[in-house]
Amino acid sequence: MDFWLHVLNMIGLFAILGLSLNLLLGYAGLVSMAHAAFFGVGAYATALTARDLGLPFPLTMVAAIVFTTILAGVVTFPALRVRGEYLILLTLAFQMVIYGLMLSWVDLTAGRTGISAIPRPRLLGVTLVTPAQFLPLVLACAAGVFTIAYRIGESPLGRILKAVRDDEAATLAIGKSVLHYKVLVFCVSGGLAAVAAALFAHYQAFINPFSFNLDRSIFLVALVVLGGTANPLGTVVGAIVFVGLPELLRFLQARQDIVDAIRSLVFGLLLVLFMRFRPEGFVPEHARGFGWAGATPAGASGAIPDLTGSSEVAADAPDPALSARNLRKRFGGITAADDLSLALPRGKVTALVGPNGAGKTTVFNLLTGFLIPDGGTVELGGTDVTRRAPWRTVRLGLARSFQDVRLFERMTVLDNVLAAIPDQPGERLGPLFFAPRRAAEAERRNREKALGYLAFVGLADRAGEVASSLAFGEQKLVALARLIATEADVLLLDEPASGVDLHWIRRILDLIRRLVASGKTVCIVEHNLEVVTAVADHAYFMEAGRIIAEGRPDELMADRRLAEIYFGTVRR
Amino acid sequence: MLALAAQLAANGLITGSLYALLGVSWGLIFATTRIFHFAHALTLTVAVYAAVVAVDRWGVGLPAGFVLAAAVGCLFGLATERVVYRPLRRVDATQLNIFLASLGLLIAGESAILIAFGPQARELPGFPISGIALGPVAFTTTEGLWLLASWALLLLLIGWLWWTRYGRAIRAVASNRELAQCVGIDPERISLLVFAVGSALVGVAGTLLALRDTASPTIGVQPVLAAFIAVFLGGIGSVLGAVLGGLILGLAENMGALVLPGHWQGVIAFVVLFLVLIFRPSGLLGVRTR
């Protein structure tokens, strides 16, 4: 009996570890091969504060959480800039260093011998020793961590983490600081792992480095992925299946090392087969567990939002809305922007035209902070935004779209738009946990707003679908709705009509006109000259990083010299 | 003190040469296919066990054992690419998923070997081990063989990559997959080729290792971690970089003993990797790409 209670306890501990890792790996898409290291650091912190400082139980857990959270925050900094295989390797290196320290820093950790005689916790007058006595505590902690993980994952905060996972540049472009959320999720993930660590240390009353090695980290990553990333239920299922079921092998009556090997063999093969045939894991991301209202809005009641919110101030707002002076940017020997100056008159459509490679997209990147210019200034309504981070520029009212759309592909259409709405209380841990009513209220309002933006572009009925399942033209419209949702009043559209057929072009042109009518200032980069003539009030003609002409679009089109540059018929 | 430093430097160069070979064998695959091929460790283990079984059980000579290890490694690598990775590419698996499949293969393979051969270490007999003294430094004949074999293979490989058609095709795919495709190089064939060559090399490198350290089901992981470090230290896509990275790693691990107690040796490698990834993510000889 005790044995099966022990198995239950281990399932609980692994569920906590998996849930904490899922926030990092499943939601934010940050692969960490160092979760066992954080687990270990928490366990040692618990063991040492309990044995050497004599702290009582809940305090040892608090100490472990604080210490691990801080360590996670510090370690994050080198990990902020890297992704993919670099992050795998960086966290792997961290795992190995921590593991090596556990083995080698004998004065502190007693090396291979490990730390024994960790005091048993006392709760409500009972000293917890047996698995049965621990079970309520473990289950309570697991339930608590599940609630936290679920709350974060299914909140506006979880939405931004998924946005970071799907596309970092696009996350910046909707005005969210990728850096901030990465640090946050590393810290939360580390802190929650320490909950399991503290329980583990007290439960075993003995720890040594071998519980916290690379194999354990790999196991945790696999558990989360097989269970189902970005779904806390999946992790619980994963813990039950991969920690609980293998214990049934004990009935084989074989030697322990053979039993372990059979377990690993099956586990490894499952990992290979799942990646091929069911990469989403047991419980996929969009499966809902509690019969909550699904992502599909009932009745799409969203009225078309008041896009004119900013136009009330338009009367006394500075004009031009945006002006750039003498922008310069060189890449090696190539001059991408050469003494560029332009202004976007408020409430008008301005176009940037020119042949391929003229530097039009570079201009957008320079204006919005995605590239730092070598010289020159960008002013947004009188505020200098030249060297601001892209997400800050968006918050100040200047947002851009991408030529290659860059939706958050694994998120729903509605979530794509919702993510872009600024100042959501549910994006911060404080309101999320301590003012849940305010967060829920804001979320309800924002949903209405987002549905309104979708209705504006004519896609309200697709709100519940996963973004990548939409046709390219529809994706462009979602990207436009997302751009509007940033509530910026200067919008830079990078080739809004490229790659879509005439039907979509008409629709997009109509939307641009309506945006301008509601007080937005728009700048488009566009190859389709008919689009430019149809919608733009003013155009700049670029070639080789310089503006060589400006004027009304039809005037520019009539200029033979420009037409030759544009169509490349000129013989030199 | 100076004699100690010389000895440690010699040890560093010896292990560093083997790391260089390991690094090149993995880096060739990684740079060309972008697969984070963790199961390279399994290829090594399988090849070593093939050599051990042939030499120890069937009484085959050691040179034949090396040839067998190379052949088995090569075939196992090819099978991995065909049976595991290619189907994953076909369904557009993410890099993370391919990496996880690789891990799964490694875990399953190590367990299978443990079930088949037991957990105990197995010796690879047949090599006359004695000491060689060369001025202030001393090493064993095994280590001498490491040095000779590693450099012979490295030079052969570099020559092949530089002066043959297939070698140039590999370097083309490694530097720009799309562009290489445009000039008529079939990346699928090149993938097979690098898996064949890289896996054969790691089979030989593993067997060299087993001469000194004996074979066990988990023999593969540590050398392949060293290979990762050598590659990222030197710069992805650069053969010379991986060689340099391997040598630096070997030297750092051994020379570290001058200032740190011996049991810290395992940490040094990863501290080096950590620092490189932070301060020079493109590696020492790598091309900085965005």
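This is a predicted model: local features need pLDDT of at least 70, side-chain atom pairs count only at pLDDT 80 or more; totals for chains, interfaces and linings use all residues.

Entry 1: I then looked up its place in the chain, and found T486(A) in the loop that runs between α18 (472-485) and β9 (490-494) of chain A. Leaving aside residues up to four places away in sequence, T486(A) touches A173(A), I174(A), V394(A), A399(A), A420(A) and P422(A). I also recorded that the side chain of T486(A) reaches the backbone oxygen of L483(A) at 2.6 Å.

**Entry 2: the nonpolar cores.** Next I asked which residues have the most contacts inside the largest nonpolar core. They are L199(A), I207(A), F36(B), F38(B), F232(B) and F270(B), in a core that has 193 residues. Helix α9 of chain A, residues 178-204, gives the most to this core, with 16 residues. Another core, of 67 residues, lies apart from the largest one, and among its residues I wrote down A163(A), L454(A), A549(A) and I565(A).

**Entry 3: where the two chains meet.** I then turned to the contact between the chains, to which chain B brings 39 residues and chain A brings 38 residues. The area buried between chain B and chain A is about 3400 Å², and carbon and sulfur atoms give 83% of that area. How many salt bridges are counted between chain B and chain A? I found one salt bridge, in which the side chains of E85(A) and R34(B) meet at 2.6 Å, N to O. The count of residue pairs in polar contact between chain B and chain A is two, both at pLDDT 80 or more.

**Entry 4: the chain B side of the contact.** Finally I looked up which helices of chain B supply at least two residues each to the side that touches chain A, and listed α3 (62-90), α4 (95-117), α9 (221-234) and α11 (265-279). The largest share, 15 residues, comes from α4(B). Sorting the residues on this side of chain B by kind, I recorded 32 nonpolar, six polar and one charged.

Methods. Residues are numbered from 1 along each chain as its sequence is written. Chains are lettered from A and ligands numbered from 1 in the order in which they are written. Side-chain values use heavy atoms; hydrogens and water are left out. Contact means heavy atoms within 4.5 Å. Buried area is the accessible area (1.4 Å probe) that two parts lose on being put together, summed over both. A salt bridge is a side-chain nitrogen of Lys or Arg within 4 Å of a carboxyl oxygen of Asp or Glu. A polar contact is a pair of N or O atoms within 3.5 Å; within protein, one must be able to donate a hydrogen and the other to accept it, and residues adjacent in sequence count only if both atoms are side-chain atoms. Helices (H or I, at least four residues) and strands (E, at least two) are DSSP runs, numbered from the N terminus. Ala, Val, Leu, Ile, Met, Phe, Trp, Tyr, Cys and Pro count as nonpolar, Asp, Glu, Lys and Arg as charged, and the others, Gly among them, as polar. A nonpolar core is a set of buried Ala, Val, Leu, Ile, Met, Phe, Trp, Tyr and Cys residues joined through side-chain atoms within 4.5 Å. Buried means under 20% relative accessible area, exposed over 50%, partly exposed in between (1.4 Å probe, protein chains only).
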